[in-house]
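Grab a pencil and work through these exercises. Each task is followed by a solution in steps.

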Amino acid sequence: MGSVVSSAAHTAVPLPAAALAVKILVAGGFGVGKTTLVGAVSEVPPLSTEEVMTAAGVGVDDLEGITGGGTAKVTTTVALDFGRITIDEDVVLYLFGTPGQERFWSMWDDLAVGALGAVVLVDTRRLDSSFGSIDFFERRGVPFVVGVNRFDGLLDHTEEDIRAALDLDPEVPTVLCDVRERASCREVLLALIDHIAARFAAQN
Amino acid sequence: MSADKGRYGHAWDEDAGPLVRPYTLTRGRTRAAHADLTLITLVTTVEPVPDDREAGGLHPEELDILRLCVRPQAVAEVAALVHLPVSVVKILLGDLVNAGRMTARAPLSMAQAPNAELLRKVRDGLGRL
């Protein structure tokens with residue numbers, strides 16, 4: 001069957017014919033464990049592809065009056081890692097680990113469109129590397145939870161300290177987790193779904 | 001031309017090489033004819049898949065895609081499995097959909113279908129992990 005079938009494990013779990021897809025984003029700074037989380041819960045080994053992202057160039061607005069309009073565009077290629085969880089005969093959930101480099105955040109509107117919500121993973125040793133992700137989801141109104149990944153089981157700060165440092169809104173849940181453990185990742189995702197449901201209920 | 005420079009000699013560029021061919025597949029186009037394809041749009045082949053002799057006008061890559069999608073696959077999955085950038089795969093899939101060789105199913109989103117039933121299903125599914 002040609003060169004396509006490079007992943008027998010992937011094709012061994014066919015999707016139901018009538019499935020509809022939903023997605024959750026997994027964001028956070030470089031090296032915080034996004035791909036590990038995706039791999040821990042995915043029913044197939046995480047897949048990787050690349051996408052060309054486009055965004056308005058930073059700072060071009062100031063020049064528009066001078067150059068006579070037109071929006072400068074910046075394009076770059078980013079790697080996307082993702083996994084899949086078949087929910088039931090009707091619904092399949094995709095988890096996308098978003099690229100770690102914060103400078104790409106402005107390019108991710110396409111990725112955020114249609115997402116149920118997001119998990120922002122943080123490393124307590126480098127909290128600042130997750131500021132960009134939190135800011136992104138706050139600005140776009142995408143519901144998210146913060147997963148605090150306990151590297152080597154250590155947690156140097158209290159949850160309150162972490163929330164204060166990240167300047168989280170009171171309703172945004174934080175969940176301590178170990179992204180190597182499927183059960184732990186499941187709790188993070190369940191917390192996200194409960195958060196989305198609560199927001200949805202409050203709006204209706 | 002010395003052997004260690006390969007058959008393309010000085011013109012060969014390790015970085016540029018893989019980029020050239022994918023857009024040759026799309027005949028130079030960088031936008032999909034079918035604009036609604038997202039990363040998680042599910043695409044399914046309309047059977048039968050033509051065999052190699054019947055596949056007049058189809059690239060081998062397009063035949064690969066048709067074989068791969070006899071069961072539904074997300075656009076991102078197709079891209080990962082055929083080792084082409086998502087932007088290129090969207091163009092190929094757009095052509096195949098327009099030609100009636102594939103169907104595309106748009107994803108559910110909270111904007112389209114904000115409902116408690118969907119959230120309950122997802123929660124139950126995750127709980128079974």
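**Exercise 1.** What percentage of the 204 residues in chain A do buried residues make up?

*Solution.* First, some housekeeping: this is a predicted model, where local features need pLDDT of at least 70 and side-chain atom pairs count only at pLDDT 80 or more, while totals for chains, interfaces and linings use all residues. Residues are numbered from 1 along each chain as its sequence is written, and chains are lettered from A in the order in which they are written. Now take "buried" as 20 or more other C-beta atoms, placed from the backbone, within 10 Å of a residue's own. On that count, 36% of chain A is buried.

**Exercise 2.** Describe how α2 and α4 of chain B pack.

*Solution.* Start with the axes, which are lines fitted to C-alpha atoms over the stretch in contact, with angles from 0 to 180 degrees between N-to-C directions. Helices here are DSSP runs of H or I, at least four residues. The axes of α2(B) (residues 60-68) and α4(B) (residues 86-98) come within 11 Å and cross at roughly 70°. That makes the pair roughly perpendicular, a label for 65 to 115 degrees.

Next, list contacts (C-beta atoms, placed from the backbone, within 7 Å). From α2(B), B:Glu61, B:Glu62, B:Ile65 and B:Leu66 meet B:Leu92, B:Leu93 and B:Leu96 of α4(B).

**Exercise 3.** Which element of chain B gives the most to the side that touches chain A?

*Solution.* Begin with the totals: chain B puts in 35 residues and chain A 40. Then pick the top contributor: α5(B), with nine residues.

Methods:
Helix = DSSP H or I, 4+ residues; strand = E, 2+ residues; numbered from the N terminus. Parallel < 35°, antiparallel > 145°, perpendicular 65-115°, else oblique. Contact = placed C-beta atoms within 7 Å. Buried ≥ 20, exposed ≤ 12 C-beta atoms within 10 Å, placed from the backbone.
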